[in-house]
Amino acid sequence: MGPSIINRVVDMGALTRLLSGYETDGFSFGKAARKRRIQLFCDLITKTFQEKGSVRILDIGGTVQYWRIVDEAFLEDNKVQITLLNLPGSQAFEAQGRFSFMTGDATKDIWSELNADDFDLIHSNSVIEHVGDWAQMKRYAANIKDFPGGYFVQTPNFWFPVEPHCMTPIFHWLPKATRVWLVRHFSLGHWPKASSTDEAVETVESARLLNHAMFVALFDDAKIRKEKITFLTKSFMAIRG
């Protein structure tokens, strides 16, 4: 792979960060897209509030920062309480306002540790592609489907041309060895340059994107919605409720 090709990849990575970045206080196209996307989940919140008078959400892999895309007045009016569930060893948080924090592995039997009756809805945004191989994805999906309430699960589309984590065009379509080489030698999007080949392999394997058929197979009891950018499908959403 020649230097000119690499330069174009890196330059396009910078461009896609500008267009798609979401860890920013100002406007970004990525943030605006997520705000539109979460409206579908907000519809579930409204429905649940009308039925129960309050809404308790289990957000698997969630962060407080993510929820800033939702109008605070909406959360307050619908009496929303959110429990953020993250892996053991993740950054520790103290309960604050409407947020509480728990640790657990959603690829294992989480309902032996959590009481499903403590929650009305499950939310999971861009998490399932990080849980591991297909067997772990199936266990993750099974835990969510075993939940008696409604759920919203989102994941990026493998066939969208920009990889959403390194934000580099066609990166995820390249051979694995090429992807490892790129991560070992360059900082790409949210991924810093790896300090070793071992770290580069772990980074590349940390995100396994799904296509439509795979996502449907995992969440066969939900309605699958497509998030579009022009004629391209950027992500899939499984919605039950």
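Salt bridges and their surroundings

Modeller: Lys-52, Arg-56 and Asp-120 are joined in a network of salt bridges, a salt bridge being a side-chain nitrogen of Lys or Arg within 4 Å of a carboxyl oxygen of Asp or Glu. The model is a predicted one, in which local features need pLDDT of at least 70 and side-chain atom pairs count only at pLDDT 80 or more, while totals for chains, interfaces and linings use all residues. Numbering starts from 1 along each chain as its sequence is written, and side-chain values use heavy atoms, with hydrogens and water left out.

The structure has 9 salt bridges. One of them pairs Glu-227 with Arg-37, with 3.0 Å between the closest N and O atoms. This pair links distant parts of the chain, as Glu-227 is in strand S8 and Arg-37 in helix H2 (residues 29-37), 190 residues apart. Helices (H or I, at least four residues) and strands (E, at least two) are DSSP runs numbered from the N terminus. Glu-227 counts as buried because its relative accessibility is 8%, and Arg-37 is also buried, at 5%. Buried means under 20% relative accessible area, exposed over 50%, and partly exposed in between (1.4 Å probe, protein chains only).

Thr-230 is not a glycine, yet it has a positive phi of about 55°. Its relative accessibility is 67%, so Thr-230 counts as exposed. Lys-79 is also a non-glycine residue with a positive phi, here about 50°, and sits in the loop between helix H4 (72-77) and strand S2 (80-86).

Another salt bridge joins Lys-108 to Asp-105, at 3.1 Å from N to O. Lys-108 is exposed, with a relative accessible area of 55%, whereas Asp-105 is partly exposed at 21%.

Lys-176 and Glu-205 form a salt bridge with their closest N and O atoms 2.3 Å apart. Lys-176 lies in helix H6 and Glu-205 in helix H7, so the pair ties together parts that are 29 residues apart in sequence. Both residues are partly exposed, Lys-176 with a relative accessible area of 37% and Glu-205 with 34%.

Lys-176 and Glu-205 also line the second largest pocket, together with residues including Phe-158, His-172, Arg-179 and Trp-191. On a 1 Å grid over the protein atoms alone, a pocket is an open set of points where a 1.4 Å probe fits, with protein on both sides within 12 Å along at least five of seven lines; lining residues have an atom within 4 Å of a point. This pocket holds about 180 Å³ of space, a volume being the space filled by probe spheres set on the points. Helix H6 (176-185) and helix H7 (197-205) each supply at least two residues of its lining. By class, the lining has 6 nonpolar, 1 polar and 5 charged residues; Ala, Val, Leu, Ile, Met, Phe, Trp, Tyr, Cys and Pro count as nonpolar, Asp, Glu, Lys and Arg as charged, and the others, Gly among them, as polar.
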